[in-house]
Structure formats: structure tokens, C-alpha cells
Amino acid sequence: MIQTALTEALGIAHPICSAGMARVAQAELVVAVSNAGGMGCLGSAGFMPDTLRDQIETIKRGTDKPFAANLLLPDALTTEDEQQWAPVRELWDSLDDQERTKLSGIEALLTPGAVADQVQIVLDAAPTAVVLTFATPDWFIRECKERGIQVFALVGSVGKAREASAAGVDFIVAQGTEAGGHTGYVSTMTLVPAVIDEVDQPVLAAGGIADGRGLAAALALGAAGAWVGTRFIASPEAFGHSAFKQRVLDGTFKDTTITHSYSGKRMRAFANKWTSEWEASGAQTSGFPGQYAVAGPRVETGYQDGDLDFGMMPAGQTIQLVHESAPAGHIVEQMAAQAEAILRRIAPRD
Ligand SMILES: Cc1cc2nc3c(=O)[nH]c(=O)nc-3n(C[C@H](O)[C@H](O)[C@H](O)COP(=O)(O)O)c2cc1C
């Protein structure tokens, strides 16, 4: 067994977490990963309050092991200032009924007050950990500490790592540009040691990790564990249309692109008609989260209907390494066993 600051603090068997991928990482995936000895993270970001509550209850029925929930708490989502929300609401109002139905239950990023409700639901549920993306507000970290909830911050730069460290989070997840989803500019190989040099907290590595080789490399860099997204997309427990999962299995390095067209922020996703037409049109995005109202209904045609041309499908460069669908628990166990064997093989002998 590989013991690290992560396994010790959380009481988990393997230093592996599945990422809080919005839409993809629902209760079933979280339960499978946590029951296998990793820590599953719920992709809570888009869930409206009732859906989020149901998801957490399902996780608690499925496992008594540690699990986490992801929250996005930038000012743009937590503000109660109606003026700031006005452009987002205008975009929402411009959607037709069919488009709104597509987003039903998952429109939290477009709904004033929904993120505040998510916060209360998560604090009341008191998962083992909360994973914060984009921002690490002091008020929220204080609330977590009072409830014994560990706080992780997902960052893509040394500057953001410093900020999260100063805010007092417990773990920092350093995510390289290889990663699927919102992502920065620097590779995992260079970002992880750079962040470790800057902060006192244990650091997890994210981006480009698909198997035990990646986990062993992350540990060799000094990370306390791996934060893994893309590798789990094609697993049967992940949410998403089979066409999306198949595209992960068939994908190569050339198939992802960086685009602002889905959320207004820099994201690695499958290149498709939507990303290339958006790029060619020279259109300005409506910012975050407004752009999600522009793209949202199309986004959902990917996850719900398997529309590979217009559906949003975040995916990382590890699609080149993923060739078969495996149950999530199996992925965790194999990754841990392979890393252990590698570390034994390369350990210096007396
Ligand atoms: C489909 C997908 C959706 C994602 N959604 C989120 C999200 O909602 N919140 C978040 O913090 N990170 C999200 N991410 C990024 C992951 O948390 C993680 O950092 C990343 O997947 C790690 O890199 P990898 O894809 O190479 O394993 C997403 C990634 C993918 C692939």
C-alpha cells in the first residue's frame, strides 16, 4: 500500500481521487471510487439545489467511505448583486422552452442564489472534503473548518497556489494544461514541483494521469496523490452518452483543443464543429458564466444525445492512453497496484 499525507489525512487506502467533473462525476461514480479505496468527488457545479441534495443522499446510501464535493465560488457566482446577474439572466431569457428543458436541474451557474444554496447543502451534508475551483473565499474555508471538512483547492498556476495556501486550504491540487476541463498553460511535470516548492500544504497532481505510471511519476515529483478526470469518463459508472465515451476510447492527442466557446473560460475539450466554427467566427464570448447560457443547450446535446459535432465534451490529453472502458473501482485498484510495482522496481537497493 502506498501511504502519503493524503491517505493518512483522509483514511483512504489509495492516493487516488476521481475529479469533480460537472455532469460526468455523479453519485454512481463517486460511490465506486470511494468504495474501491480512493476518494470520489461529486461534480456538483451545475446541480440545482434539489438535485444536489439527492445526489449527496445517494452517495451516503452507497458508501460510508470518504467522499468530496466540488464547488465553484468565484464572485461572479456568489454575488447577490442583481446588476451583475442581469446579462446572464438576459441570455437565459433568450432561450426557448426546449433549450431550457435541456438544462433543467443543472442550471445552477445561470441562476442567482443557486450557488449559495449549494454551499448550504454541502456544509450541512459535511462530506469529508470540498474541492474549490477558481476561488478560495475565507468565509467558506472558516465554515468548513468548523465542521471538520477538509478543503482542497484546484489550481493551474503557482500564483493561484500561493493564494489558496494563504487562504488556509488543507490540500492543493496542481493541475497541468494536459487536463480536461478548465485548464491553464503549464504542464503537470513542471507545475507540480513548482507548487510544492511554494506551499506548505500537501500537493496532489492533476492532468495527464491515466494509469499507475502517471501516479508513480506524480509521487516521484513529490505529490501526495493523483487527481484524475479523463480516465474515468468511459467507465460505466460515469454519466454521459455512449458516443462521448467511445470518443474518449478512440481519441488521440490531436483530438482535443483549447476553447473559450463553452463557458467563457479557457477549457480543454474535444475539438468539434462548435469549437471550430466559434473560433472562425471571431465572436467574443459572453464571459463566465454567461457564455454557458449561449452554449449550454448545445453542451447538453453532447452529454444527453451524443451529438459529437456541437455537444460540449471536456477531455484531457490522456485520451491517447485510454483504450478500454473499465469499471471505476477497477481503474483505482489497477492504478494503485501498477504504481506500487513501479516504485518497488525503481527503489534504490541497499
Ligand atoms: C469532463 C470533465 C469535466 C470537468 N469538470 C470539472 C468541474 O466541474 N470542476 C472542476 O473543478 N474540474 C473539472 N474538470 C477538471 C478535473 O477536475 C481535473 O482537474 C482534470 O480532469 C484532471 O486532468 P485529466 O483530465 O487529465 O485527468 C473536468 C474535467 C473533465 C474531463
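Predicted model: local features only at pLDDT ≥ 70, side-chain atom pairs only at ≥ 80, totals over all residues.

The entries below go through the ligand, the salt bridges, the aromatic pairs and one threonine.

**Entry 1. What I am working from**

**Entry 2. The ligand shell**

I began with the ligand. How many residues surround the ligand? I count 20, and the closest are Asn70, Thr133, Gln175, Gly229 and Thr230. I then sorted the shell by residue type. It divides into ten nonpolar and ten polar residues, with no charged ones.

Next I asked which elements supply the shell. Strand E9 (225-228) gives at least two residues, and helix H12 (230-233) also gives at least two.

**Entry 3. Polar atoms around the ligand**

I looked up individual distances. Asn70 has a side-chain N or O atom 2.8 Å from a nitrogen of the ligand. Gly20 contributes through its backbone: a polar atom there is 3.3 Å from a ligand nitrogen. Gly180 also uses a polar backbone atom, this time 3.1 Å from a ligand oxygen. I then checked how much of the ligand is covered. Alone, the ligand exposes 600 Å², and the protein buries 95% of that.

**Entry 4. Salt bridges, whole structure**

The search returns ten. I wrote up three of them.

**Entry 5. Arg23 and Glu300**

I took this pair at the start of the list. The two side chains form a salt bridge, with 2.6 Å from N to O. Buried or exposed? Arg23 is buried, and Glu300 is buried too.

**Entry 6. Arg53 and Asp50**

Arg53 and Asp50 meet at 3.0 Å, N to O. Both belong to helix H3 (residues 49-62). They are three residues apart, about one turn of the helix. Arg53 has a relative accessible area of 37%, so I list Arg53 as partly exposed. Asp50 reaches 54%, which is over the 50% cut-off, so Asp50 goes down as exposed.

**Entry 7. Asp309 and Lys273**

I looked up a third bridge. Asp309 and Lys273 are joined at 3.7 Å, N to O. This pair also links distant parts of the chain, 36 residues apart. Asp309 lies in the loop between H15 and helix H16 (328-346), and Lys273 lies in helix H14 (residues 273-281). Asp309 has 35% relative accessibility and counts as partly exposed. Lys273 is partly exposed as well, at 40%.

**Entry 8. Aromatic pairs, whole structure**

I moved on to rings. The search finds seven aromatic pairs. One of them is Phe134 with Phe288, edge-to-face, with centres 5.5 Å apart and 70° between the planes. I placed both residues. Phe134 is in the loop between strand E4 (129-133) and helix H8 (138-146). Phe288 is in the loop between H14 and H15. The two are 154 residues apart, another link between distant parts of the chain.

I then compared exposure with the cut-off. Phe134 is at 22%, so it is partly exposed. Phe288 is at 17%, which is under 20%, so Phe288 counts as buried.

**Entry 9. Phe244 and Phe270**

I looked up a second ring pair. Why is it edge-to-face? The planes of Phe244 and Phe270 stand at 85°, over the 60 degrees required, so the label applies. Their centres are 6.4 Å apart. Phe244 is in helix H13 (residues 242-250) and Phe270 is in strand E11 (residues 267-270), so the pair ties together parts 26 residues apart in sequence. Phe244 is buried, at 0% relative accessibility. Phe270 is buried, also at 0%. Ring pairs join Phe244 and Phe270 with Tyr303 in a cluster.

**Entry 10. Thr183**

I ended on a single residue. Thr183 sits in the loop between strand E7 (181-182) and helix H10 (188-198). Its relative accessibility is 8%, so Thr183 counts as buried. I asked which backbone atom its side chain meets. A polar atom of that side chain lies 3.2 Å from the backbone oxygen of Gly176.

Technical notes: Residues numbered from 1 in each chain as written. Heavy atoms only, no water. Salt bridge = Lys/Arg side-chain N within 4 Å of Asp/Glu carboxyl O. Buried < 20%, exposed > 50% of the residue type's maximum accessible area, 1.4 Å probe, protein only. Helix = DSSP H or I, 4+ residues; strand = E, 2+ residues; numbered from the N terminus. Near = heavy atom within 4 Å. Polar contact = N/O pair within 3.5 Å; in protein donor to acceptor, adjacent residues only side chain to side chain. Areas by Shrake-Rupley, 256 points an atom, 1.4 Å probe, with all protein chains shown as cover. Nonpolar A, V, L, I, M, F, W, Y, C, P; charged D, E, K, R; others polar. Phe/Tyr/Trp six-rings, centres within 6.5 Å; stacked < 30°, edge-to-face > 60°.
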